[in-house]
Amino acid sequence: MKKIEAGTELERIIPRLRDRIHFLELYEIPESSIESMKAKFLDPNNGLPAIIRNHNSIPWDIRLDCSAILKRMEEGNFHVDLSRGILTKRTFRENGKSSVSRVLDKNYPFKQSAFVVGDSHLRNGQWFPWQICALRDGAHGDIEGGISGNKLTGAVSIVLSSSGGGGNQMYADVDQGDTVWYCGTRGKNGEVSANTALLLQAANRKSDVRVLRSSKLPKVNPYRPSEGMRYDGLYKICSYEILDQATALHRFKLERVKGQTPIRYKGPEVRPTAREVEELRKAYR
């Protein structure tokens, strides 16, 4: 790939290139064309690797998205359907309304483990239409809960969602982008809950925690994705406080790890992209 000169040509080419990459994210390559297309996109001189290496001319978000596509193709994963690896069942009720349930397909060969400290294979801004997709792709290990981890790793990921704690109880979460105050779950009789214990373990180990933001956040939150959930990078627990002794409710202060690309909540690099939002709307039709 030749170097793109700055100026008018660059201003014209970059938006078009970004749009093509967004298209490629969701482009279903015919099985008969996979090998030829793979050779084209994986070509180190003219394919995705060339775009990724072009730090001087290509914006960081395009290179990041190309990196995610390249990784998928190198693994031989050419499935782009939003529901890949997920079995969907629609149930119709007597009143004519329907409900949808989703479970992971145990035979899906590209499922990733979520119980890994750090961002592993994930890219900043990676988008998931439903939380089960974050489970499928190894971003978050719980299909509903906001805290994921185990006794071996401690907490490895959290989801910033609505601050409802059930009933009239509300969690005092605060989201300022690079700084987040996030509550664990309530325990009983002064004992911490299992999920809070995982966060305390991560705090004591000073290990990084993946943070995902959900579209269920209040609409006034500027960092809220318009649909689904978005991986916003690694954060470290700096401190914590006890808000309620009876329930051992802890609130943790997390700071975004420096050196990462910006949170993709605005501008041309925003995720989800317009194409992703449209694809999700098609899935609901």
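Student: Is Lys253 buried, exposed or partly exposed?

Tutor: Lys253 counts as partly exposed, because its relative accessibility is 27%. The cut-offs are under 20% relative accessible area for buried, over 50% for exposed and partly exposed in between, using a 1.4 Å probe and protein chains only. Keep in mind that this is a predicted model: local features need pLDDT of at least 70, side-chain atom pairs count only at pLDDT 80 or more, and totals for chains, interfaces and linings use all residues. Residues are numbered from 1 along each chain as its sequence is written, and side-chain values use heavy atoms, with hydrogens and water left out.

Student: Which residue does Lys253 form a salt bridge with?

Tutor: Glu255, with the closest N and O atoms 3.8 Å apart. A salt bridge here is a side-chain nitrogen of Lys or Arg within 4 Å of a carboxyl oxygen of Asp or Glu. Glu255 is at 26% relative accessibility, so it counts as partly exposed too.

Student: How many salt bridges does that rule give?

Tutor: The count comes to 15. One of them pairs Asp65 with Arg271, at 3.0 Å from N to O. Asp65 sits in helix H4 and Arg271 in the loop between strand E10 (249-256) and helix H7 (274-284), so this pair ties together parts that are 206 residues apart in sequence. Helices (H or I, at least four residues) and strands (E, at least two) are DSSP runs, numbered from the N terminus.

Student: What span should H4 have, and what does the model give?

Tutor: At 1.5 Å a residue, the 15 residues of H4 (residues 60-74) should span 21 Å, and the end C-alpha atoms are 21 Å apart, which agrees. The expected span is 1.5 Å times one less than the number of residues. Just after H4, Gly76 takes a positive phi of about 85°.

Student: What about H2, which residues are buried there?

Tutor: In H2 (residues 34-41), the buried ones are Ile34, Met37 and Phe41. Seen down the helix axis, they fall within an arc of 70°, so they line one face of H2. That arc is taken from the directions from the helix axis to the C-beta atoms. The face turned away from the buried side carries the exposed residues Glu35, Ala39 and Lys40.

Student: Switching to pockets: what volume does the largest pocket have?

Tutor: About 670 Å³. A pocket is an open set of points on a 1 Å grid over the protein atoms alone, with protein on both sides within 12 Å along at least five of seven lines, and lining residues have an atom within 4 Å of a point. Its volume is the space filled by probe spheres set on the points.

Student: Which residues lie nearest its centre?

Tutor: Gln131, Ile143, Glu144, Lys216 and Met229, out of 28 lining residues. Strand E2 gives the most to the lining, with three residues.

Notes
On a 1 Å grid over the protein atoms alone, a cavity is a set of points where a 1.4 Å probe fits but cannot get out, and a pocket is an open set with protein on both sides within 12 Å along at least five of seven lines; lining residues have an atom within 4 Å of a point.
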